Every structure is written in C-alpha cells, then in structure tokens.
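Work through the exercises below with the sequence and the model open. Try each task before reading its solution.

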Amino acid sequence: MLCKLKRSAKSSVIMLIAGIVLAAFGLLKQFTLPETAHVMSRLMGMFFGLGSAFVGISAIHLIQLKISSPEKLKWRQIEEKDERNIQITRIAYTIASISASIMFAGLVFLFTAMGSIKESYICLVALLIQSSIFLISYGYYKKKM
Amino acid sequence: MKNNLEEIRKERGIRQEDLARELEVSRQTISSLEKGRYNPSIQLAFKIAKFFNMSIEEIFIYEEE
C-alpha cells in the first residue's frame with residue numbers, strides 16, 4: 001500500500017546520490033550559461049534547490065539511523081507500520097487531493113478571467129490528469145478488492 | 001464500538017506502552033482504542049484478543065449505529 005512506504009537506509013542513499021547529482025548539475029550548468037539565458041538559469045536554480053532538498057532530507061534520515069538507539073529505531077518502525085497512523089495519512093491524502101482538485105478548477109477559472117489562456121489550459125490538463133489517475137486507481141482497486 | 005480494553009489491561013497490570021510493544025502498534029493507538037476514538041482493524045482485534053487469551057466479543061462490544 002502506498003501509505004505503508006517506509007524509508008529505508010537504501011532508499012535514503014539513493015535519494016542522497018540523486019540529490020548530489022541534481023544539485024551538481026544545476027550548479028555546474030549555471031556557470032556555463034550565458035548571462036542572457038534567464039529562463040534556463042532559473043531552471044538550473046530549481047534543479048539545485050531540489051537536489052539540495054534531497055540531500056538534506058536523506059542526510060538527516062541517515063544520521064538519525066546512525067545515532068538512534070535500537071529501542072528508538074524499533075519504535076520508529078512500529079510508528080511507520082501503525083494502522084492508525086496509516087489511516088490518518090490516508091485521510092490527510094484524501095483531503096489534500098480533494099483540495100487540489102478544487103484549487104485546480106478554481107485556477108482554471110481564475111486564469112481564464114485573467115486572460116492567461118496558456119496557464120488556464122495547463123491547470124485544466126493537470127486537473128484532467130488528476131481525475132484520470134483517480135479513475136484508473138479506482139478501477140484497479142475495485143477489481144483487486 | 002465500545003470496548004473493555006482499558007479495564008482488562010489494568011486488571012492484568014500492563015502499561016499502555018508494553019501492550020503497544022507487544023501488539024506492534026503505537027502507544028497513541030492503544031490510547032485511542034481505549035477512549036473509543038478509533039476502531040481497530042479485524043487483524044488488530046484478533047491480535048488483542050489473542051494477547052489477552054480472550055474472544056473478540058469479550059473485549060469489543062458491537063453497537064448498531
């Protein structure tokens with residue numbers, strides 16, 4: 001189940017490597033870009049930011065795994081597998097998903113009203129993708145359960 | 001759904017934390033179960049019943065809404 005995904009040391013190492021690669025790519029590419037390439041420069045900044053975030057999150061997790069006592073680690077594992085926590089996470093995800101749908105629909109109207117047709121279509125596509133994912137998942141689990 | 005979990009646990013002199021450890025759930029889950037704020041899955045209900053060597057019906061009281 002999606003909400004049961006736990007972060008292992010292996011996944012954190014993969015995330016750390018991906019973060020370093022992304023951040024390094026963003027930073028190194030930034031230096032080779034001409035001064036006029038503002039859009040690419042911003043994009044490389046985003047790569048660097050995302051990579052740094054990956055590095056930070058995974059490094060904190062790895063340090064926690066290293067310094068935590070076995071007792072603490074056991075409790076953390078229990079907390080991750082706890083059925084009430086999983087249910088709470090699912091409820092929170094559902095609320096977030098409904099809110100996102102409402103927000104996307106609102107943005108479609110807002111961008112149309114502002115005359116930003118391209119942005120309006122981007123939001124509409126995002127809304128359609130989200131709805132499609134819902135329908136596919138619904139159909140899949142309806143057959144499975 | 002009501003339950004007698006708190007009374008049974010206290011009768012046996014078990015702390016919430018120890019019960020949680022045995023059942024492999026968080027202490028908050030035990031607390032929520034005892035307060036009737038959370039209904040357990042059938043698996044957890046069986047685990048609890050097995051731990052106390054009782055039937056599910058002796059611990060959990062089904063109430064029609």
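## Exercise 1: A pair inside chain B

The side chains of B:Glu34 and B:Arg9 form a salt bridge, 2.4 Å from N to O. A salt bridge here is a side-chain nitrogen of Lys or Arg within 4 Å of a carboxyl oxygen of Asp or Glu.

The model is predicted: local features need pLDDT of at least 70, side-chain atom pairs count only at pLDDT 80 or more, and totals for chains, interfaces and linings use all residues. Residues are numbered from 1 along each chain as its sequence is written, chains are lettered from A and ligands numbered from 1 in the order in which they are written, and side-chain values use heavy atoms, with hydrogens and water left out.

**Task.** State which helices hold B:Glu34 and B:Arg9, and say whether each residue is buried or exposed.

**Solution.** 
1. B:Glu34 sits in helix H3 of chain B and B:Arg9 in helix H1 of chain B, so the bridge ties together parts that are 25 residues apart in sequence. Helices are DSSP runs (H or I, at least four residues), and strands are runs of E (at least two), numbered from the N terminus.
2. Check accessibility. B:Glu34 is buried at 11% relative accessibility. B:Arg9 is buried too, at 7%. The classes use relative accessible area: buried is under 20%, exposed over 50%, partly exposed in between (1.4 Å probe, protein chains only).
3. Look at the rest of H3(B). Its buried residues include B:Ile30 and B:Leu33. The buried residues of H3(B) pack against helix H4 (83–114) of chain A, and also against strand S1 (2–3) and helices H1 (5–11), H2 and H4 (42–52) of chain B.

## Exercise 2: A pair within one helix

**Task.** Find how many residues separate B:Lys10 and B:Glu6.

**Solution.** 
1. Take the distance. The closest N and O atoms of this salt bridge are 2.9 Å apart.
2. Count along the chain. Both residues lie in helix H1 of chain B, 4 residues apart, about one turn of the helix.
3. Recall the rule. An α-helix has 3.6 residues a turn, so residues three or four places apart point the same way.
4. Compare the ends. B:Lys10 is exposed at 51%. B:Glu6 is partly exposed at 28%.

## Exercise 3: Across the interface

**Task.** Describe where chain B meets chain A, and identify the salt bridges between the chains.

**Solution.** 
1. Size the contact. 14 residues of chain B are in contact (heavy atoms within 4.5 Å) with 9 residues of chain A.
2. The chains bury about 1,000 Å² between them, 46% of it on carbon and sulfur atoms. Buried area is the accessible area (1.4 Å probe) that two parts lose on being put together, summed over both.
3. Find the main contributors. In chain B, B:Arg21, B:Glu24 and B:Tyr38 lose the most area to chain A, together 47% of what that side buries.
4. Identify the bridges. There are 2 salt bridges between chain B and chain A. A:Lys74 pairs with B:Glu24 at 3.2 Å, N to O. A:Glu71 pairs with B:Arg21, with closest N and O atoms 2.8 Å apart.
5. The bridge runs from helix H3 (residues 70–81) of chain A to helix H2 of chain B. A:Glu71 is partly exposed at 39%, and B:Arg21 is partly exposed at 28%.
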